[in-house]
Each structure stands twice: as structure tokens, then as C-alpha cells.
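Subject: Structure handover

Hello,

Here is the structure for you to look over. My notes follow below it.

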Amino acid sequence: MTAYYLTTPIFYVNAQPHLGHAYSTVVADAVCRYQRLLGKDVRFQTGTDEHGDKIVHAAEDAEVSVKEYVDTISALFRAAWPPLAIAPDTFVRTTDPAHMAVVQGILQQVYDQGDIYFSEYTGLYCKGCEQFLTEKELVDGKCPDHLTEPTKISEQNYFFRMSKYQEWLIDHINKHPEFITPERYRNEVLSFLKEPLEDLCISRPTTRLTWGIPLPFDNRFVTYVWFDALINYLSGLNYPGGDDFARYWPVAEHVIAKDILKPHAIYWPTMLKAMGLEPYQRLHVHGYWNMNETKMSKSLGNVVRPGELVAEFGADSVRYFLLREMSFGLDAGFSKEALMARHNSDLTNDLGNLFSRSLTMVKNFAASVVPQPSMPSAQDRELAEAALAMLGHYREHLDNFAFHRALASVWEVISRANKYIVSTQPWELVKDPQQTAQLGTVLYTLLETLRLITLTLHPIMPETAAKMAEALGVPGETSLNDCGVWGRLVPGRAITPGAQLFPRLQQETKDQPQPQKSKAMKEPASEKTPSPEPAAEAEGLISFDAFQNLELRVAEIVAAEKIAKSDRLLKLTVKAPEERTIVAGIAQHYQPEELVGRQVIIVANLKPAKLMGVASHGMVLAAKDGDRLVLSAVSGPVANGSRVA
Ligand code: MSP
């Protein structure tokens with residue numbers, strides 16, 4: 001089986017994960033899932049970068065020991081990924097003794113062969129970058145990334161003879177056009193390499209910094225951040241021994257943003273050359289997510305937390321947005337309104353509607369089984385051909401990390417399929433017994449198109465694709481090569497229309513752009529026969545009246561106790577404003593004592609029910625987050641019994 005190895009940067013633990021970190025990691029996860037769909041043996045690695053001045057300062061600010069600090073933030077990064085359906089195979093921490101040993105082994109090897117030497121250096125040091133900058137890199141005397149003036153520093157240090165490998169690197173980049181992509185970054189690197197390369201300072205005296213890996217040949221120094229961090233790409237493969245290195249290093253690819261282009265495109269390949277190793281295969285460089293035209297970053301305080309977006313929109317919607325909205329390589333602006341618009345337009349309207357309408361028609365017109373197709377008409381053939389052509393475009397674009405293009409080609413087919421429903425009018429065909437064969441072909445064509453769309457969505461929206469595959473009766477379809485052909489659905493097999501894929505979300509303010517209604521979904525004005533499944537119903541929408549029937553009220557918990565023989569239930573006495581008893585299944589999440597005095601939201605007009613012998617008059621609302629249950633609340637005190645609407 002062909003191997004594939006992809007890494008994200010390892011993130012500094014001086015900040016908590018934000019959407020910028022999440023983007024690189026979603027990209028890598030999507031590509032790894034795609035490579036698995038192609039049948040490859042994939043290794044996906046991420047991790048945290050835990051040494052250096054920045055981290056020490058962050059720990060000081062947090063008033064905890066550095067060890068405690070790095071453990072906490074590293075755990076936050078590790079925990080940030082599963083809710084986004086990101087599933088790395090390895091998570092490297094640079095404070096792992098195994099990683100530190102690999103770094104020391106490499107330092108010793110490169111030192112022994114004479115490529116590391118001791119010297120004095122005076123330079124302009126940017127604390128934010130943790131590196132010396134050249135005059136040329138400054139903009140108005142300031143670091144362009146941190147907008148601060150660098151400090152002039154003079155000290156004795158160890159240096160890596162990077163200049164020795166400059167010609168080799170230029171030659172390598174010229175001979176391998178795919179080494180650094182997109183092309184603009186390759187050009188940037190080549191233009192930088194037109195000037196003579198300076199050697200790289202790789203140490204810090206322990207008088208200035210102790211939180212680092214000691215140089216094995218001089219313990220008065222620790223290694224400087226990049227020589228430590230970049231080696232994670234090898235230490236995660238248990239370099240130098242073991243099978244992983246032999247298997248995955250020859251196919252290594254890295255994802256980064258443009259902020260760390262120089263270390264990855266210049267330091268890292270020359271370090272590898274000095275070690276006698278082959279360079280990585282490809283470096284994929286993306287742009288920044290901006291907030292109001294400025295890079296999203298902790299130092300500017302304008303970050304968006306991925307967890308909050310997932311809670312509001314769901315993991316798949318966030319993944320889709322990130323991959324669809326940014327042209328890989330260029331910057332993109334983030335706004336919740338844009339995310340909401342894509343959710344409602346692309347996901348709820350276009351994809352969600354196509355899926356629910358098609359499956360509802362199969363349920364109503366074909367007894368929930370895959371119908372037998374007959375001779376396809378020109379229209380049927382057109383859709384089938386478009387769906388197959390889409391697979392080709394999709395692959396080509398994903399191979400080049402052009403996610404937005406890959407998704408645009410999938411959505412073009414979704415839009416075609418929606419139009420196809422409108423023009424073939426299956427609800428008319430079903431009325432005429434002579435058209436039964438044609439109806440079968442139309443429904444079959446829709447189901448096959450949906451099956452191919454589902455295949456393309458596995459890497460992008462894994463949970464949604466799994467739901468779709470399940471409903472289509474093909475839960476095990478996980479190979480693009482085998483399944484990317486027309487006609488695999490077997491007539492007679494059961495189809496199980498499931499729940500709605502994407503609930504429609506409400507805009508918060510009037511000023512926000514309205515989602516565009518897909519043209520394909522507009523039924524022709526002349527259509528007299530109502531669709532068998534009105535769109536609202538198909539999307540799981542309820543009327544305002546139905547909502548009004550639900551009596552939601554604020555209630556204060558005035559007493560709480562365990563219910564004998566139940567480890568799940570608590571008996572609550574609440575005031576809303578009259579007193580009533582409610583039995584709530586929250587005993588595994590809350591102790592009775594922590595509940596009294598809280599105001600929660602209840603459904604006040606639920607039919608009473610007896611639970612473990614106790615009559616319950618209503619229901620307490622709580623949010624379910626994986627295994628966690630968090631009680632609802634109001635953001636400020638209000639009168640008990642206030643209506644929530
Ligand atoms: N620790 C180094 C990387 C060492 S890799 C051997 C580092 N860490 S970092 O925490 O600052 O992460 C930088 C990376 O985070 C970027 O290269 C990118 O992957 C991601 N991003 C951080 N902010 C971002 C945006 N605003 N937009 C897009 N990606 C961003 O540098």
C-alpha cells in the first residue's frame with residue numbers, strides 16, 4: 001500500500017488554539033482522509049512546540065510553573081481537534097524526552113561533521129519571531145509580523161553552516177517545481193535565495209534561557225527554537241530507527257501558513273541535507289485568516305475559538321466553510337455572517353434539500369428501495385456524466401490543495417441535480433402508470449448522483465457523509481477508486497431517509513446578509529401540483545404557531561435531591577413562579593448541592609410523567625456536548641416564571 005505522510009506546524013503553547021491553528025489542522029485532516037479514500041496508508045501528525053522565551057513568559061504571566069503551563073496548553077490543543085472531527089495519528093510534544101533525545105542525536109551528528117561551529121554574532125532580534133531578522137526584512141524599521149522594532153543583540157553562540165547548502169537548495173527548488181506550492185511562495189523563496197544565505201544561529205546561552213534542549217556538546221547552551229521544532233517531523237516517526245521513518249519519510253509533506261515559510265523552505269531542507277537525508281516532498285503554504293483586514297492572532301486579541309463555532313454551527317459546517325471560503329495560498333476574511341450564509345445556502349438549501357427531497361421521493365414513490373433504472377433519457381445521461389466528470393475535477397483539485405475549487409465542482413453538480421428534480425417532475429411521473437420506468441430512472445439517477453457526492457464529502461464533512469452513506473445503504477463505501485463509477489447502487493436495496501442533515505440557523509441581526517436561495521430550488525411558477533414533501537417540512541422546520549405552543553419559562557431551583565435506586569435522576573423543586581417538581585436526568589453531571597439557587601429554563605407545559613415513582617411536571621433544558629451535559633441558564637437574574645421566547 002502506498003504511504004502518505006502529512007504534518008501541520010506544531011503550535012506554540014503560548015496561546016490557546018484559535019481558528020488560524022484550526023484551519024491548518026482541518027486542511028491536513030481533510031487531505032489525509034482524502035488520501036485514505038484513495039487507498040493509501042496515511043500518517044497524520046500534529047503537536048505542540050513547547051520550548052523558548054515566549055513560553056517562559058507566558059507561564060510567568062499565568063503564574064504557574066513552566067511545566068504545568070505547557071502541560072495545560074498542550075492538552076487544550078489536543079482536545080481542540082476531536083470536536084472538529086480532526087483525527088491525527090500522532091501528536092508530538094517537543095518536551096517529550098523521546099523528541100529531545102532525537103534532537104540531541106542530530107545536533108551531535110551535525111556538530112561532529114563540522115556543520116555546527118561556535119562564533120560571535122550581532123544582529124537584530126525579534127522577540128515575537130524568536131529569530132534574528134535582516135535589515136531587508138524590516139518594514140519601517142519594524143518586524144512586519146509583530147510591528148515591533150527588533151533589538152540589537154551581540155552574543156556568542158553556535159551556528160549551523162546553512163550557507164554551505166545554498167546552491168544545492170536553489171538547484172533542488174528549480175528541479176522540483178512542486179517542492180513549494182502555491183507558486184507565489186516558491187518564487188518568494190527563490191528571490192530570497194538570490195542574496196547570500198547567512199549561517200543560522202541555533203543556540204541560546206543558558207544564562208538567558210534554560211527552557212530548551214541542552215546542546216549535547218556544550219551544556220552552557222540550549223538549542224534555539226527552530227532546530228528543536230522542525231525535527232518534530234522526524235521524531236514523530238521515531239527517527240532514526242524503526243519502520244515508520246523508512247515508510248513515511250520518503251513521502252513527507254508539510255502544511256504551514258506563510259508566517260513560517262522561511263524556516264520550512266530554507267532552514268529545514270538545508271538541515272536535512274546536512275543530516276544526509278532527502279528533503280520532504282512538498283510544502284503547502286496557505287495565507288492568513290483575517291478579522292477586519294488584520295491577521296487573526298493572539299497578540300492582536302482578535303481570535304475566534306473553534307469550539308464556539310462548532311457549538312453553534314456543528315463541526316462539518318465549520319470544516320466546509322473553512323475549506324470552501326479560503327483560496328488556498330491567499331488570505332481570507334472571517335465573519336460569522338459569512339459562515340451563517342454558507343451554512344444556510346450551500347448546506348441547508350442546496351445539499352440538505354437535494355438529499356431530503358430525493359430520499360423522501362424514494363420513500364413515497366418507490367417504497368424506500370433503490371428503483372430499477374431503464375433506458376436513460378438525454379437529461380438523465382447529462383446528470384450522470386456531470387457527476388462522473390465532477391469526480392475527476394474533484395481529485396485534480398484536491399491533489400493540488402485547491403479545496404475551494406474541488407467543492408465548487410461538487411456544488412455545481414448539486415445545483416444541477418436540484419434543477420433536474422424541477423425539470424423531471426417525479427411527482428407528475430408517479431401519477432401516470434405508463435411513466436413508471438421513467439420514474440425509476442429519474443430516482444435511480446438522483447440516488448447515484450447523491451452516492452457520488454457523498455464519496456467526495458467524506459474528507460470534508462465526515463459526519464455528514466457517514467449519515468448520507470448510511471441512508472443510501474452504502475455505509476462501507478470508503479474507496480474513491482472502487483466506488484467512483486456509475487451504477488453501483490443495487491436495485492431493490494433499502495434506502496433509509498434519516499434526519500435532516502443541516503438545521504437552518506437564524507441570523508442574529510437584520511443587517512446580516514441573507515443566504516442566497518439557490519436558483520435550482522425555485523420551483524417553476526407554473527407548477528400546480530404541490531411537491532410531495534413541502535420544503536419546510538422536509539427541512540424539519542416548524543411554524544411560529546407550533547413554537548408558540550411550547551411554554552418555555554425561567555425557573556429557580558429551590559431544592560434538589562437524589563432519587564433512591566437511580567444513578568441518573570435528581571428530583572428538583574423549582575419555582576416558575578409557582579412551585580413544582582421536575583425529575584431531571586442530570587445526576588451524573590451535577591451534585592444536588594450545586595444546583596440550589598440556579599435559574600434554569602424549563603418546558604413548563606409538558607404532560608406530567610412518572611419517573612421512578614416521582615411525578616415530574618416539566619423538563620429542564622440542558623445542552624449535550626459529547627458526554628457532557630450543561631444546564632441552561634439566563635445571562636442575568638430575571639423574575640421566576642418569566643416566559644422565554
Ligand atoms: N511553533 C511554530 C511552528 C513550528 S513548526 C515546526 C509556530 N507556532 S504558531 O503557534 O505560531 O503557529 C503558526 C501556525 O498557526 C501558522 O503557520 C498557521 O499554520 C497557523 N496560524 C496561526 N494564525 C493563523 C491565521 N491567522 N491564519 C491562518 N493560519 C494561522 O509558528
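How many bridges pair strand β10 with β11, and in which sense? Two bridges pair strand β10 (residues 214–215) with β11, and the sense is antiparallel. Two strands count as paired if DSSP finds at least two bridges between them. Strands (E, at least two residues) and helices (H or I, at least four) are DSSP runs, numbered from the N terminus.

Some ground rules before the rest. This is a predicted model, in which local features need pLDDT of at least 70 and side-chain atom pairs count only at pLDDT 80 or more, while totals for chains, interfaces and linings use all residues. Residues are numbered from 1 along each chain as its sequence is written, and side-chain values use heavy atoms, with hydrogens and water left out.

**Around β11**

β10 and β11 make a hairpin, with two residues between them. Proline 214 faces valine 222 in β11. Strand β9 (residues 203–205) also pairs with β11 (residues 218–223), antiparallel, through three bridges. There, serine 203 has threonine 223 as its bridge partner.

**The ligand site**

The shell around the ligand holds 24 residues; the closest are Ile10, Ser24, Asp49, Asp259 and Met296. By class, the shell has 13 nonpolar, eight polar and three charged residues.

Which elements each supply at least two residues of the shell? They are β1 (3–12), α1 (19–37), α7 (225–229) and α8 (232–235). β1 gives the most, with four residues.

- Aspartate 49: a polar side-chain atom lies 2.7 Å from a ligand nitrogen.
- Tryptophan 289: a polar backbone atom is 2.9 Å from a ligand nitrogen.
- Glycine 20: a polar backbone atom is 3.3 Å from a ligand nitrogen.

Taken alone, the ligand exposes 670 Å², and the protein buries 94% of that. Accessible areas come from the Shrake-Rupley method with a 1.4 Å probe; for residues, only the protein chains shown count as cover.

**The four-stranded sheet**

β5, β4, β6 and β8 form an open sheet in that order, with antiparallel pairing. β5 (131–133) and β8 (200–201) are at the edges with a single partner strand each, so one side of each has no neighbour in the sheet. Within the sheet, β4 (residues 116–126) and β6 (residues 151–160) pair over 10 bridges. Glycine 123 sits opposite isoleucine 153 in β6.

**Partners of β17**

Strand β17 (residues 552–562) pairs antiparallel with β20 (residues 599–603) through five bridges. Glutamate 561 has lysine 571 as its bridge partner in β18. Two bridges join β17 to β26 (residues 643–644), again antiparallel. Arginine 553 stands opposite arginine 643 in that pairing.

**Serine 358**

Is serine 358 buried or exposed? Serine 358 is buried, at 1% relative accessible area. Buried means under 20%, exposed over 50%, and partly exposed in between (1.4 Å probe, protein chains only). Serine 358 belongs to helix α13 (residues 336–366). Leaving out residues up to four places away in sequence, serine 358 touches Asn353, Ile421, Leu446 and Leu450. Contact here means heavy atoms within 4.5 Å.

Best regards

Definitions and conventions:
Near = heavy atom within 4 Å. Polar contact = N/O pair within 3.5 Å; in protein donor to acceptor, adjacent residues only side chain to side chain. Nonpolar A, V, L, I, M, F, W, Y, C, P; charged D, E, K, R; others polar.
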